[in-house]
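Student: I would like a close look at a single part of this model. Please keep to what can be read from the structure.

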Amino acid sequence: MKQQLIQLEINNQLYEIPVTPRDLLVDVIRKKVGITGTKKGCGEGDCGACTVLMDGAPVLSCLTLAITCQGRKIITIEGLADEQGALHPIQQSFLDHGAVQCGFCTPGMILTTKALLDKNPHPDQTSIKRGIAGNICRCTGYKKIVEAIGAAADRIATREVK
Amino acid sequence: MEGKKFSQVGRSVTRIDGPAKVKGEAIYTDDMVMARMAHGKIKRSTYAHAFIKNIDYSKALALPGVLAVITGEDAPNKWGIVPQTANEVTLAVDKVRFHGEGVAAVAAIDEETAEEALDLIEVEYEPLPVLLDPFESMKRAGEILIHENEPDNVLHQGEQLFGDPDQAFAGCKYVLEKKFYTSYVNHAFLEPHSSLAHYDPQNGQLQLWSSNQVPHYLHRQLSIVMDMPMNKIRVILPAVGGGFGGKGEASSSDFCAALLSRKTGRPVRVTYDRNEVFVTNKGRHPCHMKMKIGLDQNGYIQAVDFDNTLDGGAYAGWGMVVMFYTTSMIHLPYKVPNARARVRRVYTNKPTCGAMRGLGGVQPRYAMECLLDELAEMMGVSAYELKMKNAVESGYRSVSNLHVPHTEYKKCLQTVVENSGYLEKHGKQPFGKGIGLAGGYYISGTAYTLYLSYKPHTTVLIRVDTEGGVTVHCAAADIGQGCNTVMAQMAAEVLGVNYEDVHVVSGDTELGTFDLGSFASRVTYASGVAIKEAARQINDKLFEVAAGMLSCRAEQLEVRDRRFYSVFEPKKNIEWEKVVDVYTNTVGTLTGIGHFSPPRLKGIDLTRGERVQGANIGHSPTFGFSAQAIEVDVDVETGKVRVTKVTEAGDCGQAVNPMSVEGQVEGSIMFTLGQALYEEMHLDKDGRMMNACLHHYKVPTVMELPEMDTTIVDSYDPTAPFGVKESGEGPVQPTIPAIANAVYDAIGVRFTELPITPEKVLKALKEKQGK
Amino acid sequence: MYLDEFEYYAPKTADETFELAGRLGSQAKVLAGGTDLILNMKQSLLKPQCLIDINGVKEFQGLIYEAGKGAVIGAATKISELEHSAVLRDKYFALHQAARELGSTQVRAMATIGGNICNASPAAETSSPLVALGTKVVINSAAGERELPLEDFIIGNRKTALEQGELLVKFLLPEPAPQTASCYTNIGLRNAMEIDAVNMAVNLTLEADNRTVKVLRLVMGSVAPRPLVSVEVPALLVGQALNSNLIEKAAAAAAGEAQPISDIRATAEYRREAVFVLSRRVLQEAFNAAQEV
C-alpha cells in the first residue's frame with residue numbers, strides 16, 4: 001500500500017511520518033515515532049489506556065486513523081512534564097496519592113484528567129468520576145485516583161494564583 | 001529482640017517505579033524494540049473440541065514477509081505449573097480442547113503480515129461433542145474423554161476427614177446446608193500478555209522478556225518445552241501491567257516467541273490481543289458447592305461439611321492446587337473442630353481456569369460467610385456476635401494442622417462493626433437498603449514449592465559498595481503491587497539508610513537471586529526474612545569497621561539515618577558512607593546473603609503417627625485477615641444493586657507501606673465487587689466466548705466506586721519479619737459474602753449464585769411477592 | 001486487530017463529498033467519529049474498500065438554534081459538543097441527557113451524532129430522544145436533497161433509508177411548543193460505559209391547565225430492531241389530566257408494546273420489566289418538568 005507523508009505535532013515537536021490509510025494513531029505513535037507511553041489495553045476503545053490529547057480533546061488512539069490527524073496537535077503522556085523535566089501537577093499528585101500501581105492505565109488516566117481539568121478546573125467528585133469513567137483501572141480500586149485528581153485540581157489552582 | 005519502632009518500615013512512601021510510570025517512561029514488554037525483531041501471532045481453534053485432521057500452512061509460509069510457521073509438532077513437551085499434572089502443550093497436538101486454543105503460530109516482519117498469514121493457514125477439524133458443564137462432563141465420560149488418560153474427565157478428586165462431622169452434626173442444635181455457585185471470571189489485568197524472546201544460535205542462550213508474575217516457574221517451563229537446560233535461559237520481567245494470578249504460570253505467548261525465535265534466528269515478540277487474554281483465561285474456577293455448618297446450642301461451630309465440584313476447563317493448570325485450597329479454606333478464620341471436604345476438579349471444553357487473586361478462598365468463603373449470617377438469624381443473634389464467638393485467636397491450630405501464630409481477626413470484626421454502625425443499621429433500614437458483614441483471611445506464602453523441592457523459597461543478595469551504594473538483588477516479581485518499594489524499605493530499615501538509597505534488582509532470573517514469584521501473597525514475608533538476614537550480615541561487617549573508626553565496641557553501635565552511633569555515647573557517631581568507603585577501600589565490595597525457608601509442617605504427625613491430610617495445602621507461616629461491612633441500595637423496581645459504602649478493617653501485621661496497603665485493600669474490594677455484581681464470561685453452546693472483550697465483560701468502572709472506609713488495625717506478628725503479613729488477597733475474601741448478606745438485609749432474599757444481576761434480583765423479588 | 005487496506009478520501013466541501021459518495025457507491029463508508037466504524041473494521045465485520053472522511057467538511061458540523069424555528073445539528077457534530085450545549089440542555093433536555101450518557105469522555109469527544117444514527121444500532125443512545133423530539137433528517141446526494149422523519153430513516157437493525165451515494169447531513173429539531181419537557185433514561189448493568197439494555201425518551205406538552213396532556217411521544221430503544229414509537233401511550237394519555245394511576249397504565253401499555261429479544265445483556269423478560277419501570281419514571285419526570293416550564 002502506498003505510503004503518504006503526514007505532519008503531526010506531537011508534544012510540541014513536528015514529525016513528518018509516512019503512513020498508509022489503515023495505520024492507527026496508537027501504532028504510529030508507538031512504533032513509528034517510537035514513544036511508548038501510550039498503551040494498548042484492548043484495541044477496541046473500551047479501556048482508555050491509549051488516550052491521547054488531540055487539540056486538547058481526549059481521544060482513543062486505538063480507534064483513530066493516523067491519516068486523519070494531518071496537522072493536528074497531539075499530546076501524549078511524554079509531553080506532560082515541563083521542559084526541565086518537572087512533573088505536571090497531575091503526575092505529581094498521582095504519585096503522592098498512591099494512585100499508581102501497575103501503571104498501565106496511568107498514562108491514559110492522567111491525560112483524561114488533564115482534559116477534564118482544562119475544561120473544569122474545580123470538578124466535584126461526580127464530575128471527576130464521570131470524566132474518567134472510560135478509563136479502566138484494575139489495580140487501585142479508583143479511590144486514590146479520584147483523590148489524586150481532586151488534589152491535583154487544588155494544586156493547579158494554587159499554582160495559578162501564585 | 002526486635003522492637004516495633006521503625007523509621008523506614010511503616011512509612012507511606014511513593015513507589016520507586018512511580019515517576020517512570022506517571023511519565024510514561026516505564027518499559028513494558030510490548031514497548032521494547034530490538035534489531036531485526038519479528039512479530040508472532042497465534043492461529044486459534046474455531047472448535048471447542050475436535051481432532052485436528054490436518055494443518056496446511058504452505059500458503060502462509062509463501063506470503064511475503066512471513067519468516068516461519070510452527071505447529072504443535074514443533075514443541076510436543078507438556079508443561080504445567082503443577083508438574084504432577086502437566087498436560088498443556090504450546091500449540092495443540094492432534095486435538096483441540098477449547099475454542100481459541102492455539103493450533104499454529106506465525107512469525108513475520110510485522111504484525112499486520114503475521115495476522116494476514118493466520119488467515120492463510122488451513123486447519124481441518126473433526127468435531128467432537130462439546131462438554132461445557134462439569135456434571136455433564138463426568139456423566140458422559142464413558143462416551144467422550146477430554147484427555148485420553150483422565151478416566152472420568154476428572155483431573156483429581158479428594159476427600160478429607162477431620163474428626164467425626166456426622167456425629168457432631170447429630171449433636172448440633174442449628175444445622176444449615178445450602179448450595180452455592182460462583183461464576184466464571186477473568187482477571188482482566190490491563191496489560192495483555194506479551195513475550196519477547198531472543199535466541200542466540202551462536203551461544204545457545206535464550207533470553208525471554210515476559211509480562212509474568214512467576215519468572216522462576218516460567219524459567220522451568222521454558223526449559224521443559226524448549227528442551228534446554230535452565231542455565232541457558234534467562235527470564236526478565238520488564239514493567240508488568242497487572243497479573244492477579246493470570247500471569248502466575250507460563251503462557252503460550254512465551255513458548256511461541258521462544259520457539260519462533262529459535263527457528264528464525266531473530267528476536268520475536270508475541271503480544272496478545274484482548275480477546276486472546278480472555279480465550280486463554282486461567283481465571284477463577286466456577287465452583288458448584290454444597291456446604292453444611294452445624295452449631296451447638298451456644299452457637300459454637302461443631303462441624304463443616306463441604307462438597308465442591310470445580311469446573312476446570314480444558315487443562316490442568318493450577319487446578320489441583322486450587323481444588324485443595326478450597327478444602328483448606330474452611331478451617332479458618334473460625335474454629336472448626338470437625339470437618340469433611342469432598343472435592344473434584346472436572347475437565348470441560350472451556351478455556352482453562354487457574355489462579356486468581358485469593359485463589360481457592362473466594363468460593364468457600366462466599367458459602368461460609370453467607371451460611372453463618374443465616375445461622376445467626378436462626379439463633380436470633382447478630383452475625384457479629386456469632387462470628388466473634390467462633391473467631392480464631394493467636395496460637396490457634398486447626399484440625400487440619402494450620403497454625404495461626406498471630407491474629408487480630410476479632411479486632412477487625414470489632415472495628416468494622418463500630419466504624420460502619422452495623423449493629424445500629426442491620427435489620428433496621430427501609431426495604432431496599434441493607435448492610436452485610438463478612439470476614440476472611442488469606443495465607444502469607446506457602447509451605448512447599450510446586451515441584452516439591454526443599455530449597456529456600458527466596459534468596460536475597462545485598463551488595464554494598466562506594467559505587468552502587470546499596471543494591472538488593474532478588475528475582476521477585478513486581479507486577480504493580482509494589483514489592484520493589486517494600487523490599488527497599490525493609491532493607492533500608494535494617495541498614496539504617498533511606499529507602500530511596502536502595503536499588504532493587506528484581507524480576508530477572510540471572511541478576512536477581514532465587515525467588516518463587518508473586519503468588520500466594522508471599523513476597524513481603526519471604527523477602528523480609530531474607531532481607532533481614534542479608535542486611536544483618538552487612539551490618540555485622542560495617543559495625544566492626546565503624547567501631548574501629550569510633551574507638552568503641554561493635555555491639556555498642558546502632559545504625560540509623562545514615563549514621564553509626566554509639567548507643568551509650570550518641571556523640572560518637574560517623575556517617576554511613578564513610579564507613580562503607582573504608583570497608584570498600586580495604587576489603588572491596590561487601591555482600592550479604594539471606595534465605596527464606598518456610599516453617600515446614602509434616603504431612604505425617606510423627607508424634608501421634610497420624611497422617612495429616614492435605615498437608616501441602618494451606619500451610620503458611622502466618623495469615624492476614626480482613627472484615628468488611630458493606631452497604632447496598634437495591635432498586636427494587638429494576639433490581640439494580642448499588643454498593644454505597646464499604647467499611648473494612650484488615651490485619652496485615654505491620655504495614656510496611658501503609659499507602660500501598662490501602663491500595664491493595666481498595667483494589668481488592670473493587671476487583672471482587674465486580675465478580676459479585678457484574679462479571680461473567682459467557683460461552684455459547686459450541687463453547688465460543690461471547691464476551692471476550694472489555695465492552696461486554698464488565699469490570700467495574702469508577703462510577704461503581706462506593707464510599708470506602710478502610711482501617712489497618714494495629715497489629716504486629718512477632719514471628720514475622722518486621723511483624724508483616726499479607727494484604728493483597730485477604731481483603732478480596734469478604735467482599736462477595738458481605739454484599740450478598742447486605743442484599744439479604746435489604747430485600748430478604750439470599751442469593752447463592754453469582755453474579756447478583758438485576759435480573760436475578762427482580763425475579764427473586766417477584767417470587768417472594770408471589771408467596 | 002489490524003485493518004484491511006482501503007483507499008482514503010478527505011473531501012473539504014459538501015459537494016466534493018456528494019460527488020465521491022456517488023462515484024464510490026457501495027464500496028465506500030463514511031468516516032465520522034470512527035468509534036463504531038473503525039471497531040467494526042477491526043473486527044472484520046465491515047470491509048469497505050474506501051473511506052470518505054467527512055471531518056474536514058465544515059458544512060456538516062455544528063449546532064445552530066434559532067428561537068421559534070428550532071435547532072439544526074450537523075451530522076458530523078461531536079457528541080461532546082451536544083453534551084455541553086446550553087441550548088440543548090434548555091430546549092431539548094432528553095437529547096442533552098442521552099449525549100451525557102453515551103460511552104465515555106473519549107468516545108463523546110470522537111463520536112458524532114450522525115454516526116450514532118447511521119450506525120443504526122437498536123441500542124443507540126441518541127435515536128430515542130431524537131425521534132421523541134420529532135426530528136427530521138436531511139439526506140443529500142449529488143442528485144439533491146430530501147427530508148425524512150427520523151423514525152422513517154432508521155428502518156431496521158443496522159439498516160437506514162440511505163440510498164447509494166446518499167449522506168445524512170443534518171438533523172432538524174422543531175422548536176419545542178410551550179409547556180413542553182423532554183426526558184431520557186436508560187438502564188444497563190453498570191453506571192458507565194454501557195450499551196443500554198433499554199433506553200427511553202419522552203417528549204411531553206401540557207395544555208394551559210398544566211395538567212392535561214396535549215401532545216406526547218414516547219420512544220423506546222433496545223427493545224425492537226429500530227426505535228419503537230409508542231402508539232398506546234399517547235392514546236391513553238393525550239387529553240387526560242395526568243396522575244399516577246394513568247402513568248402506571250401507560251407504563252404497562254409501553255411494556256406490552258415492546259418487542260424485546262434476549263441477548264447477552266438482558267433477557268426479553270427483563271427488558272419488558274424495565275420498560276414498565278423506566279416508562280413510569282420517565283413519564284412522571286417529564287410531567288413534573290413540563291409543569292415547571
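Student: Leaving aside its neighbours within four places in sequence, which residues is A:Val59 in contact with?

Tutor: This is a predicted model, and what follows should be read as such. A:Val59 belongs to strand 4 of chain A, which covers residues 57–60. Beyond its neighbours within four places in sequence, A:Val59 touches A:Cys50, A:Thr51, A:Val52, A:Met54 and A:Thr64, and also C:Gln106 and C:Met110 of chain C. A:Val59 counts as buried because its relative accessible area is 7%, under the 20% cut-off. A:Gly108 lies 49 residues away from A:Val59 in sequence, with 9.6 Å between the two C-alpha atoms.

Chain C is split into domain 1 (7–53), domain 2 (58–173) and domain 3 (180–292). Between domain 2 and domain 3 of chain C, the centres, taken over C-alpha atoms, are 20 Å apart. In this pairing, 25 residues of domain 2 of chain C contact 25 residues of domain 3 of chain C. The two domains of chain C bury about 1800 Å² between them, 54% of it from carbon and sulfur atoms. There are 12 residue pairs in polar contact between domain 2 and domain 3 of chain C, both residues at pLDDT 80 or more. The count of salt bridges between these domains of chain C is 1. C:Glu151 and C:Arg217 form a salt bridge, with 2.3 Å between the closest N and O atoms. On the side of domain 2 of chain C that touches domain 3 of chain C, helix 5 (93–101), helix 8 (127–132), helix 9 (150–153) and strand 8 (154–156) each supply at least two residues. By class, that side of domain 2 of chain C holds 13 nonpolar, 8 polar and 4 charged residues.

Terms used
Residues are numbered from 1 along each chain as its sequence is written. Chains are lettered from A and ligands numbered from 1 in the order in which they are written. This is a predicted model: local features need pLDDT of at least 70, side-chain atom pairs count only at pLDDT 80 or more; totals for chains, interfaces and linings use all residues. Side-chain values use heavy atoms; hydrogens and water are left out. Helices (H or I, at least four residues) and strands (E, at least two) are DSSP runs, numbered from the N terminus. Buried means under 20% relative accessible area, exposed over 50%, partly exposed in between (1.4 Å probe, protein chains only). Contact means heavy atoms within 4.5 Å. Domain bounds come from an automatic or database domain assignment. Buried area is the accessible area (1.4 Å probe) that two parts lose on being put together, summed over both. A salt bridge is a side-chain nitrogen of Lys or Arg within 4 Å of a carboxyl oxygen of Asp or Glu. A polar contact is a pair of N or O atoms within 3.5 Å; within protein, one must be able to donate a hydrogen and the other to accept it, and residues adjacent in sequence count only if both atoms are side-chain atoms. Ala, Val, Leu, Ile, Met, Phe, Trp, Tyr, Cys and Pro count as nonpolar, Asp, Glu, Lys and Arg as charged, and the others, Gly among them, as polar.
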